Amino acid sequence: MSSPLREMDYSVLQQCIHCGMCLPTCPTFDATGKEKNGPRGRIALMRAIADGRMDATRAFGEEMYFCLGCLACETACPAGVDYAHLFEAARAEAEESGKLAAPARSALRAFFLRGLFTRPRLLRLAGSMLWLRRMAPLLPKRLRALALQAPAAGKSAGIRRVETPARVRFRVGMLTGCVQDIVFPDINRDTADVLLANGCEVHTPSLQPCCGSLHAHNGDIRTARELARRLIEAFDPGKLDAIITNAAGCGSHLKTYERLLGPSAAEWSRKVKDVHEWLAEIGLRPPRCAPVKQKVTYHEACHLCHGQRITRQPREILRAIPGLELVELPEATWCCGSAGVYNITQPGMAARLQKRKMEHILSTGARVVAAANPGCHIQLENGARELGYDLEVAHPVTLLARAYRAEGLNFSEAATN
Ligand code: SF4
Ligand code: SF4
């Protein structure tokens, strides 16, 4: 049995200086006030295992799964603690120890992590069968609430393998993502159109494997490595100026491939760009449509603001849209409770965070909330539905694509391939 915490670079475990500055930013510590439910306590447990002072117990595993992995502690930390790395190793330790093993849990992990999310064709087929929500009224009461949270599958994005604008400034690859591709394919279409409008030739390999973030964040580093290798092979990074992602959770993980695979993935890690980051880097072409007269607030996905430290660029995009009024959201960087599959594994805490987020959104008076991660998107839509609040959740790139289209030009039709 391997021990990911004992095998990892020990200097990462030594970074914490126990100052506690992360504690007020940690949603689980905020909820319970207990040291063990905060970053400092969790890191102390990880280090105790790495030092051989304790072995992973069931309580340790449960604590690591109570952590959201939101990385708010990383942003707050003056010592530069690499909590993302620690978190992945700690969850892998919990899995390797077998202390959380139970037949149903093991079967679900095998089915989802190694069965479904390693096979893009099968995943797409399963996605097209996301009819569960429509069956909700027929289900027993206990299953009904869960079924109502299941997203509906979206229609195909109709993205061609290569799409070329009238004048090519850059060649970029586009990652379609698993959940994004199945549930929100329109966001991928919007992303491609925005890239075309900004002079980027868009290369989109069909049947891209999962990026592996779900696996890395759930203790299956081996599968995460395998998927990372396969995804790099699906693209040809040497021929591209950048590889674009529009999903915060994927982007945050995609940038760690060099840590996961070593120097062979250095070029990949360097070229992966979140779409907002890329547009800011190349200089966004502002839309020239009539004023949209829309009040919008912006929820910061954890893996965009904490995981990638991208906070300014999405706001710049929103402010570039004529007539759009951007109202700041109180606690914009506080997790909404989605956190991968956290709303399934920890429904109580996830619901508490969702309620807090929805109250803040309502306080802004905005009828549109922009969010750049499919998990947040689903969590916010579900929150609004439960409250009966008429709220649109939209990716910033969707709002930008609408503004470009309002100029009268359909950028995908302008593509030549
Ligand atoms: S990742 Fe989030 S929940 Fe976990 S310790 Fe850090 S701040 Fe707390
Ligand atoms: S802020 Fe950083 S150094 Fe201070 S206790 Fe938290 S993780 Fe440790």
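What volume does the second largest pocket have? The model is a predicted one, in which local features need pLDDT of at least 70, side-chain atom pairs count only at pLDDT 80 or more, and totals for chains, interfaces and linings use all residues. Residues are numbered from 1 along each chain as its sequence is written, chains are lettered from A and ligands numbered from 1 in the order in which they are written, and side-chain values use heavy atoms, with hydrogens and water left out.

The volume of that pocket is about 590 Å³, taken as the space filled by probe spheres set on grid points joined across faces, edges and corners. A pocket here is an open set of points on a 1 Å grid over the protein atoms alone, where a 1.4 Å probe fits, with protein on both sides within 12 Å along at least five of seven lines, and lining residues have an atom within 4 Å of a point. Of the 27 lining residues, Pro4, Ala92, Glu96, Gly219 and Ile221 lie nearest the centre.

Turning to the rings, Phe235 and Trp268 have centres 5.8 Å apart and planes at 70°, so they form an edge-to-face pair (centres within 6.5 Å, planes over 60 degrees apart). Phe235 is buried at 6% relative accessible area, and Trp268 is buried too, at 1% (under 20%, with a 1.4 Å probe and protein chains only).

Conventions
Phe/Tyr/Trp six-rings, centres within 6.5 Å; stacked < 30°, edge-to-face > 60°. Buried < 20%, exposed > 50% of the residue type's maximum accessible area, 1.4 Å probe, protein only.
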